[in-house]
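This briefing is intended for a reader who is meeting the protein below for the first time. Please keep the sequence and the structure in view while reading.

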Amino acid sequence: MLEFAFTFPILFLLMYGVIAFSYIFVLKESITYAAQEAAESAVAVRPQDDRVAFDAQVITRARSVAASSLSWLPQRQRERVVGDASGSKVAVSFCENGAASGTLPAGVSCPAEGSAVVVRLVFDLETNGANQLFPVVRMPLIGPVPPLPQALSAVAVARL
């Protein structure tokens, strides 16, 4: 009984960490896939003479594809990434000959030639509060278990 009392908390935290990190890994890969699909879907929009209408169509298509790519997530989690059903939280920026029309995420640069679309998704994990994804166990001398990042993000760039 004494050995079990010492080993059970360690084994429990190990299994809890494996489950939590596995789900975090699936989420990260899913939002990366959704961002890539959203950026690639912009290529299917037919270019027009009116640049404003073209940009609006690209944004609408990218947002709807990102939202549909994450349709498997529970609604509350999907809303953290894409917002409503139209994908209002999906950030879409444009690049034209190396210059961005909006702010780009850190570490992302525009292609030197031609135009491109940049799609960014952010999943706020909210490690504190009622909406946290996983309960965090605070262990003395160890700290929070599992240690989770504040947010997961994915960026995809596709040339138009």
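**Briefing on the predicted model**

Leu14 counts as exposed, because its relative accessibility is 52% and the cut-off for exposed is over 50%. This residue lies in helix α1, which covers residues 2–41. The model described here is predicted. The points that follow move from the whole protein to its sheet, and then to single residues.

**Overall architecture**

- The protein contains three helices and six strands.
- Read from the N terminus, its elements follow the order α-α-α-β-β-β-β-β-β.
- The radius of gyration is 20 Å, well over the 15 Å that the globule rule gives for 160 residues, so the protein is more spread out than a compact globule.
- Taken along the principal axes, the box filled by the C-alpha atoms is roughly 75 × 30 × 20 Å.
- Among contacts in the protein with a separation of 6 or more, 65% are made by residues 24 or more positions apart.

**Surface and charge**

- Buried residues make up 36% of the 160 residues of the protein.
- The accessible surface is about 9600 Å², and 61% of this surface belongs to carbon and sulfur atoms.
- The protein carries 12 positive and 13 negative side chains. The centres of these two sets lie 3 Å apart.

**The four-stranded sheet**

- Four strands form an open sheet, in the order β2-β1-β3-β6, and their pairing is antiparallel.
- The edges of this sheet are β2 (99–100) and β6; each has a single partner strand, so one side of each is left without a neighbour in the sheet.
- As a general principle, strands of a sheet pair through backbone hydrogen bonds, in either a parallel or an antiparallel manner.
- Strand β1, residues 91–96, pairs with β2 in the antiparallel sense over two bridges.
- β1 also runs antiparallel to β3, and six bridges join these two strands.
- Strand β3, residues 115–124, pairs with β6 over nine bridges, again in the antiparallel sense.

**The hairpin of β1 and β2**

- β1 and β2 form a hairpin that has two residues between them.
- Asn97, in the turn, has a positive phi of about 55 degrees.
- Cys95 stands opposite Ala100 in β2, and Glu96 stands opposite Ala99 in β2.
- Glu96 also has a residue facing it in β3, namely Ser115.

- Ser115 lies in β3. Ser115 counts as buried because its relative accessibility is 13%, and the cut-off for buried is under 20%.
- When neighbours within four places in sequence are left aside, Ser115 is in contact with Cys95, Glu96, Arg159 and Leu160.
- Val119 of β3 is the bridge partner of Val92, and Val119 also has Ala156 in β6 as a bridge partner.
- Leu121 is paired by a bridge with Ala154 in β6.

**Strand β6 and its two faces**

- β6 comprises residues 151–159, and its side chains alternate along the strand.
- Leu152, Ala154, Ala156 and Ala158 point to one face and are buried.

**Helix residues and distances**

- Leu14 and Val82 are 68 residues apart along the chain, and their C-alpha atoms are separated by 32 Å.
- Gln75 lies in helix α3, which covers residues 75–82.
- Gln75 counts as exposed because its relative accessibility is 52%.
- Gln75 and Ala85 are 10 residues apart along the chain, and the distance between their C-alpha atoms is 9.7 Å.

Key:
Residues are numbered from 1 along each chain as its sequence is written. This is a predicted model: local features need pLDDT of at least 70, side-chain atom pairs count only at pLDDT 80 or more; totals for chains, interfaces and linings use all residues. Side-chain values use heavy atoms; hydrogens and water are left out. The radius of gyration is taken over C-alpha atoms; the globule rule is 2.2 Å times the number of residues to the power 0.38. Buried means under 20% relative accessible area, exposed over 50%, partly exposed in between (1.4 Å probe, protein chains only). Contact means heavy atoms within 4.5 Å. Accessible areas come from the Shrake-Rupley method with a 1.4 Å probe; for residues, only the protein chains shown count as cover. Lys and Arg count as positive and Asp and Glu as negative; His and the chain ends are not counted. The place of a charge is taken as NZ of Lys, CZ of Arg, CG of Asp or CD of Glu. Two strands pair if DSSP finds at least two bridges between them.
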